[in-house]
Amino acid sequence: MADLVNFATQFADLAPARPIEHLGDTDLTFGGRIDFPLKIHEDGGENGCGGKIWAAGQLLCEHLIDNSDANGLLSLCSEKLQTHGSFTNILELGSGTGLVGICAGLLAKTNGFKAKIYATDIEKLIELMNSNTKLNGLEKYVFPEILMWGEPLAEKYQAGTPSRIDLVLAADCVYLEDAFPLLEKTLLDLTSGDSPPTVLMSYTKRRKANKVFFRRIRKHFQIITFTDFDRYEHYSSKRTYLFQLVRFQ
Ligand SMILES: C[S@@+](CC[C@H](N)C(=O)[O-])C[C@H]1O[C@@H](n2cnc3c(N)ncnc32)[C@H](O)[C@@H]1O
């Protein structure tokens, strides 16, 4: 375990910079499905791969939009956890620009859904997530925080606390072999206990090595792949998929 934690603390260099692609403020309406476009500033890769928008993030946003009324958003959360307080707690892992968490925040705000959304990533991306949260006027909904995979979970995210997490979101977090055990540990920690949160992940298949992650994760979770949605063909042509992880009890 100590090795895992040491590895995690040294992680900062493991999110390699990617070539600058679409740098700037991108307006996102997801094909006109939301009235007020999300505004996301991309940093062009200066803080690792999280500083740009990825197809998997857009797919997860579209899934949230498709379930965006208050009942729909609530129905995404684990049934047993829907009544624990006035707020639903959503945690996004590897949030990057903040795109998915910010989309969840916008949907919560426009649909009168009481939610606290923790958009988490490595320290270097907090400033970008904070500025994107402000750009969209969602400071009361979206809370950017550091969460390094593999490190012990902050108490407030743990099962059995009033702020426990109802819904975990992770877009394009399976891409770096060295980080697979870290991500696996965090997913296991977040879903320990009797009433685990729903876990929704989107993923772009890039390398055969990613199979290793799914082989590991299948020991603890059932993987339910979503295929029945409008733009399935569009995303599968980009080798980008959406699934839910259900922890074996
Ligand atoms: C490919 S990007 C995806 C960003 C965003 N979710 C999206 O879809 O646009 C992967 C994200 O995972 C984060 N990440 C990678 N390894 C991590 C780790 N060990 N702990 C925390 N975040 C990590 C990176 O910093 C990056 O923001």
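Reader: What are the ground rules for reading the numbers here?

Author: Residues are numbered from 1 along each chain as its sequence is written, and side-chain values use heavy atoms, with hydrogens and water left out. The model is predicted, and local features therefore need pLDDT of at least 70 while side-chain atom pairs count only at pLDDT 80 or more, whereas totals for chains, interfaces and linings use all residues.

Reader: How do you know in which parts of the protein chain confidence is lowest and highest?

Author: The guide is pLDDT, the predictor's confidence in each residue, from 0 to 100. Its mean over the protein chain is 85, and 84% of the residues reach 70 or more. Confidence is lowest in helix 1 (residues 2–9), at a mean of 46, and highest in strand 5 (residues 142–146), at 98. Over residues 4–23 the value is below 50, and this stretch has 43 contacts in the model beyond near neighbours in sequence, a contact being heavy atoms within 4.5 Å. Where pLDDT is low, the predicted coordinates should not be read in detail.

Reader: What makes a stretch of the chain count as one of the 8 helices or 9 strands?

Author: Helices (H or I, at least four residues) and strands (E, at least two) are DSSP runs, numbered from the N terminus. By that rule the protein chain has 8 helices and 9 strands. Among contacts between residues at least 6 apart in sequence, 78% join residues at least 24 apart.

Reader: Why is helix 2 called largely enclosed by the rest of the structure?

Author: Buried means under 20% relative accessible area, exposed over 50%, and partly exposed in between, with a 1.4 Å probe and protein chains only. Because 9 of the 12 residues of helix 2 are buried, the helix is largely enclosed by the rest of the structure; the buried ones are A56, G57, L59, L60, C61, E62, H63, L64 and I65. Over the protein chain, buried residues make up 53% of the 249 residues.

Reader: How do you know that the length of helix 2 agrees with what it should span?

Author: The expected span of a helix is 1.5 Å times one less than its number of residues. For the 12 residues of helix 2 this should be 16 Å, and the end C-alpha atoms are 17 Å apart, which agrees.

Reader: Why is Q58 called partly exposed, and what is it in contact with?

Author: Q58 lies in helix 2, and its relative accessible area of 24% falls between the two cut-offs, so it is partly exposed. Leaving aside neighbours within four places in sequence, Q58 is in contact with L28, F30, I53, L99 and Y235. The C-alpha atoms of Q58 and A171, 113 residues apart along the chain, are separated by 8.5 Å.

Reader: What makes T88 count as buried?

Author: T88 lies in strand 3 (residues 88–93), and its relative accessibility of 6% is under 20%, so T88 counts as buried. The C-alpha atoms of T88 and I165, 77 residues apart along the chain, are separated by 7.6 Å.

Reader: Is D172 buried or exposed, and what of R239, partly exposed or buried?

Author: At 9% relative accessibility D172 is under the 20% limit and so counts as buried, whereas R239, with a relative accessible area of 44%, is partly exposed. D172 lies in the loop between strand 6 (167–171) and helix 6 (180–190), and R239 in the loop between helix 8 (232–236) and strand 9. D172 has a positive phi of about 55 degrees although it is not a glycine, and R239 likewise has a positive phi of about 55 degrees without being a glycine.

Reader: What makes a space a cavity or a pocket?

Author: On a 1 Å grid over the protein atoms alone, a cavity is a set of points where a 1.4 Å probe fits but cannot get out, and a pocket is an open set with protein on both sides within 12 Å along at least five of seven lines; lining residues have an atom within 4 Å of a point. The count comes to 1 cavity of 30 Å³ or more, and the largest cavity has a volume of about 390 Å³. Of its 30 lining residues, the closest to the centre are G50, G94, G96, D121 and D172. The largest pocket has a volume of about 350 Å³, and of its 15 lining residues the closest to the centre are Y203, K205, K211, F214 and R218.

Notes. Points joined across faces, edges and corners; volume = space filled by probe spheres on them.
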